[in-house]
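Hi,

Here is the structure I promised to pass on.

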Amino acid sequence: MKLGLEVFLETAYKQFKHQKIGLVTNMTGVNQRLIPAIDLFYHHPHIKLTALYAPEHGIRGDAKEGEKVTSTVDPYTGLPVYSLYGTTRKPTKEMLEPVDVIVFDLQDIGSRYYTFIYTMAYVMEACMEEGKHVVVLDRPNPIGGIKMEGNVVEEDVRSFVGLLPIPNRHGMTVGELAVLFKHVFGYYCELTVIHMVGWRRTMYFDQTGLFWVPPSPNTPTLEMSMLYPGTCLVEGTNVSEGRGTTKPFEVIGAPFIDGQILASAFNQRNIPGVLARPTSFTPFYQKYKNQLCGGVQLHIEDRHLLNSVVTGILLLETVASLYPDAFSFITNENNKYFFDLLAGTKSLRQFILEEKTNVFVNACEEALESFRQVREPYLLYQ
């Protein structure tokens, strides 16, 4: 197994030997010995690293979800760090002036809500406009490269948690997504993808032999990543998705929920690959901070049978049915439903309230088949 980072440092760097390099990375940009790409580039005798670019959570992972990242100077290298999650999410002309080439090395988690892939899209767009070369150092999709789940984002609800028409679980690596973004969605920058060696589409992250480095504060485990394409939808409601606990996106609950009742009702639905266990928790931040919540912990029984999006939707349908007077979808400062941005559609809310999510789930199959055909020419691995 070799990461794109390792292949680049062995041989591929030679084609960029005399060019100024900018690096989009964070704490996940490490080699198999956990040495950061920043250090490896900075100390490499033939790589001229001139700038760093920080996605959501910052270059060192010290910012919470949604928290603005400020541009600064890296204390270890003295290089400028330009924020791509602050006043702008797309690199400006001034940000790109110090570089000829932008190298992207971030670990994605395989779900469309995760903002790193849209940072990549904006980098590609800016580099297209400014005539800069983009190099993507490929990394594994931690939840595999075969299975897809969910629906495709609709035009009127696109956002930074669903910028492009891809499904909740897309089954692609960042390198494959970059090629798709270029040829299907029009991000026509000069692009080079440095392939991994030894990765297969059937692999989950625990089959790669790599260390799991959490890409953000609330992505502690592979199990979380497998559930996230579905349980992230909980964020758009007044139910806690488990932020502020040790099991975010695995524990779900609220002060108005009885965990025993919810677990029993959920398990009676016989959802393949997953079981719910009643639990209670007190978040230390975010929703219901310092309040006791009843709820469930989702346990993956068989990851090959699990459909996390169906799981998340049916869990919310169950909560809405049990607690119709307490459950609600939350709105933002513009009085828009955040749930719609996560769901990639305005229709799912009503299906949940009317207990007709089977209609939505059935429609997803057609959308996934269509996306399967779209993505096929851009898959880089067997």
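What should the 15 residues of helix 4 (residues 116-130) span at 1.5 Å a residue? The answer is 21 Å, and the end C-alpha atoms of helix 4 are 21 Å apart, which agrees. The expected span here is 1.5 Å times one less than the number of residues.

Before the rest, some ground rules. This is a predicted model, where local features need pLDDT of at least 70, side-chain atom pairs count only at pLDDT 80 or more, and totals for chains, interfaces and linings use all residues. Residues are numbered from 1 along each chain as its sequence is written, and side-chain values use heavy atoms, leaving out hydrogens and water. Helices (H or I, at least four residues) and strands (E, at least two) are DSSP runs, numbered from the N terminus.

Back to helix 4: eleven of its 15 residues are buried (under 20% relative accessible area with a 1.4 Å probe, protein chains only). Among them are Phe116, Tyr118, Met120 and Cys127. The cover includes strand 1 (20-25), helix 3 (93-96), strand 5, strand 6, helix 5 and strand 9, going by contact, meaning heavy atoms within 4.5 Å. Just after helix 4, glycine 131 has a positive phi of about 70 degrees.

Strands pair if DSSP finds at least two bridges between them. Strand 5 (residues 101-105) runs parallel to strand 6 (residues 133-137), with four bridges, and valine 101 is opposite histidine 133.

Cheers

Notes. Buried < 20%, exposed > 50% of the residue type's maximum accessible area, 1.4 Å probe, protein only.
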